[in-house]
Amino acid sequence: MEQADLSQPFIKKVKAGGKSICLVHHNLQLFALSATCPHAGADLSQGWCSEQRLVCPRHRYEYDLQTGKGATGQNDYVNTYTVKVEGTDVYVEINSWTENVRSWFS
Ligand code: FES
């Protein structure tokens with residue numbers, strides 16, 4: 001659980017379930033993605049938003065905020081997580097690896 005001021009856009013790194021999560025508040029929507037860029041390991045929480053994508057600060061690869069899918073030609077992705085807001089408290093749902101695989105086929 002993390003507290004957040006949702007009156008302003010932000011990008012910040014938080015810990016949830018032992019993972020580093022990039023929490024993004026953009027265009028009045030909240031997103032949670034892995035904070036580690038799959039290209040070369042940069043911290044995505046140091047990046048910025050362009051359209052509906054998170055841009056990596058190191059080599060400017062872009063990841064869809066909703067799906068985590070990399071831009072055309074990148075052939076990569078970052079994990080995304082479900083977020084829930086209760087008042088000023090933000091909860092990030094961390095699924096196990098097997099739960100993620102199961103969701104791909106349901
Ligand atoms: S480390 Fe993120 S694009 Fe290269």
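Visitor: In which strand does D89 lie?

Guide: In this predicted model, D89 lies in strand β9, residues 89-93.

Visitor: What is the nearest side chain of opposite charge to D89, and how far away is it?

Guide: That side chain is K12, 10 Å away. A salt bridge needs a nitrogen of Lys or Arg within 4 Å of a carboxyl oxygen, and D89, although buried, has no salt bridge. Leaving aside neighbours within four places in sequence, D89 is in contact with M1, E2, Q3 and K84.

Visitor: What makes the charged end of K12 count as sitting over the ring of F10?

Guide: The distance to the ring centre is 5.7 Å, and the cut-off is within 6 Å, together with an angle within 35 degrees of the ring normal. The charged end of K12 is therefore counted as sitting over the ring of F10.

Visitor: Why is the contact between D43 and K13 called a salt bridge?

Guide: The closest N and O atoms of D43 and K13 are 3.2 Å apart. The limit is within 4 Å, so the pair qualifies.

Visitor: How many salt bridges does the rule give?

Guide: The count comes to three. Besides D43 with K13, R53 forms one with E62, with the closest N and O atoms 3.4 Å apart, and the side chains of E86 and K84 meet in another, at 3.4 Å from N to O.

Visitor: Why is R53 called partly exposed?

Guide: Its relative accessible area is 31%. Buried means under 20% and exposed over 50%, so R53 falls in between. E62, at 24%, is partly exposed as well.

Visitor: Is L28 buried or exposed?

Guide: L28 is at 78% relative accessibility, and the threshold is over 50%, so L28 counts as exposed. L28 is placed in the loop between β3 and β4 and has a positive phi of about 65 degrees although it is not a glycine.

Visitor: What is the phi of E51?

Guide: E51, also not a glycine, has a positive phi of about 55 degrees. E51 lies in the loop between β5 and β6 and is exposed, with a relative accessible area of 68%.

Visitor: Which residues have the most contacts inside the largest nonpolar core?

Guide: They are V24, L33, C37, L44, L54 and L65, in a core of 13 residues. The elements giving two or more residues to this core are β3 and β4. A second, separate core of eleven residues includes A4, F10, V14 and A32.

Key
Residues numbered from 1 in each chain as written. Predicted model: local features only at pLDDT ≥ 70, side-chain atom pairs only at ≥ 80, totals over all residues. Heavy atoms only, no water. Helix = DSSP H or I, 4+ residues; strand = E, 2+ residues; numbered from the N terminus. Buried < 20%, exposed > 50% of the residue type's maximum accessible area, 1.4 Å probe, protein only. Lys, Arg positive; Asp, Glu negative; His and termini not counted. Contact = heavy atoms within 4.5 Å. Core = buried A, V, L, I, M, F, W, Y, C linked by side-chain atoms within 4.5 Å.
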